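Please look over the fold below with me. My notes follow as numbered points.

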Amino acid sequence: MAFLKTVGLRSIVLYILLAVFLGGVGYLVVNLFLNGRTWAMQPYNGHLGSQMGDILDCDGAVLATSKEGERQYSEDATVRRALLHTIGDTAGYIGTGVQSTMGGKLTGYNFITGLNQTPFSQLGSTVTLTVDQDVCAAAYTAMDGHNGAAILYNYENGDILCKVSAPSFDPSDVPEDLETNDAYKGAYLDNTLSSSFTPGSIFKLVTVAAAMEKWPEDWSSRTYDCWGAQDVGGSDITCLHGESHGTQDAFSAMGNSCNIYFAQLANDVGRDSLQKKAEDMGFNQEFTFDGVAVAKSTIDLSSANANQLGWAGVGQYTVLANPYHMMVLAGAIANGGAYTQPRLADNPNLLSGLVQPGDRKLVTAVEASQLKSLMRSDVENYYGDWLFPEGMAVCAKTGTGEVGEGKGPNCWMMGFCDSSQYPYAFAVVVEEGTGGIETAGAVVSAMLQALV
Ligand SMILES: [Zn+2]
């Protein structure tokens, strides 16, 4: 009996050991599968620095390369800062950069072979991006030390030519006070993708689109009078600098950016119709870009009173807009209502955007054409075509989103060129600027000049 008992006990111990061993192997395999890519690309993995492939711009300029086991970036300091968020930093804190999102291709990491070269896997592939380093540097320089975002793409083929976020820093010479100096607060965040800002008057495009849907026949002939200030729901809505615009229709109100017109229009359209139209145009909706979930533009009018609805109609109240979304919306207006999915590289395997070209309409074709004529009139009759290179037929809307707290406004410009030679759509936001045209218009102008 005693003998049998011992054997039984030994078997149990063996079975337990076997179970622990198999469990451990299983755990490793699952973890390798889930985290292998991340492990392989950890910056302290010396293997990687020497093997990560080059990143080139659309003209073949080297934006990042590996030399003597170290990651090196463009030789031009402005280009390094302008493209920091698009490329990513060496330490890997900027998770939305190409060195993270396309890391698998750059390192040649493969689940089966890891980072080991085999006849079936190639290490350190080169990635050619759609961005143009000169356009990015021009936008960064024109932002003149202010925080914000500038993004521009070809609305026909989806190529992103410019994607710049500030605050930025030099990835080749990372500042020692990066974590402690307030000037670098939010420097790991790509504002084009991961932030939303008070839109101010660019939101008037949404308010007028809601009017187009409600009154398709006579939205443009509705008029409201502006005397600089107007009681809406018990308190005043005011126009910028207390300016009186007189009797306004949709075209003059858009050109003058008359708050009193759009505050009353928002109330006549109604809370639910404005909320629904904003959502149809992409507010409260998730957009993805190369596998990155873009920060939503948001609107919630559910508890807005008449005065708050008026302020929401001019892009204040609690409305927020994301620059990537505003660019896509401008692209949709340019494209007859549906937008082309933006991309940073030519390789279709690298694209994980859920929406394919032409799939998703943000406005109807009729609304797109009407919004286009309003935005073209803004530039032709109010901002001035002289701001932009000749022949680009820029269609745009500016905005100054008031953020309070003694801070200067968010200065916006979104729009596109109505031109088959220059099929570009853009959105620019500059924090603490002086005005939409002066501050954001200067950035748009610099990007378009660099594209000629
Ligand atoms: Zn006015």
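**Notes on the sheets**

1. Alanine 150 has valine 164 as its bridge partner in β6. On β15, alanine 150 is bridged to valine 428. Strands here are DSSP runs of E with at least two residues, and helices are runs of H or I with at least four residues; both are numbered from the N terminus.

2. A word on provenance. The model is predicted: local features need pLDDT of at least 70, side-chain atom pairs count only at pLDDT 80 or more, and totals for chains, interfaces and linings use all residues. Residues are numbered from 1 along each chain as its sequence is written.

3. Strand β5 spans residues 148-154, and six of its seven residues are buried, so the rest of the structure largely encloses it. Buried means that 20 or more other C-beta atoms lie within 10 Å of a residue's own; exposed means 12 or fewer, partly exposed is in between, and C-beta atoms are placed from the backbone.

4. What are the pairings of β5? With β6 (residues 160-166), β5 pairs in the antiparallel sense over six bridges. With β15 (residues 424-430), the sense is again antiparallel, over seven bridges. Two strands count as paired if DSSP finds at least two bridges between them.

5. β5 and β6 make a hairpin, with five residues between them. Glycine 158 sits in the turn and has a positive phi of about 90 degrees.

6. At the β13 end, β13 and β14 (residues 410-417) pair in the antiparallel sense over eight bridges. Glycine 399 has tryptophan 412 of β14 as its bridge partner.

7. A second open sheet has four strands in the order β3-β2-β1-β4, and its pairing is mixed. The edges are β3 (70-73) and β4 (127-128). β1 (residues 55-56) and β2 (residues 62-67) pair in the antiparallel sense over two bridges. Isoleucine 55 stands opposite alanine 64 in β2.

8. Overall, the protein has 16 helices and 15 strands. Of its 452 residues, 47% count as buried. Among contacts (C-beta atoms, placed from the backbone, within 7 Å) with a separation of 6 or more, 67% join residues 24 or more positions apart.

Note on methods. Contact = placed C-beta atoms within 7 Å.
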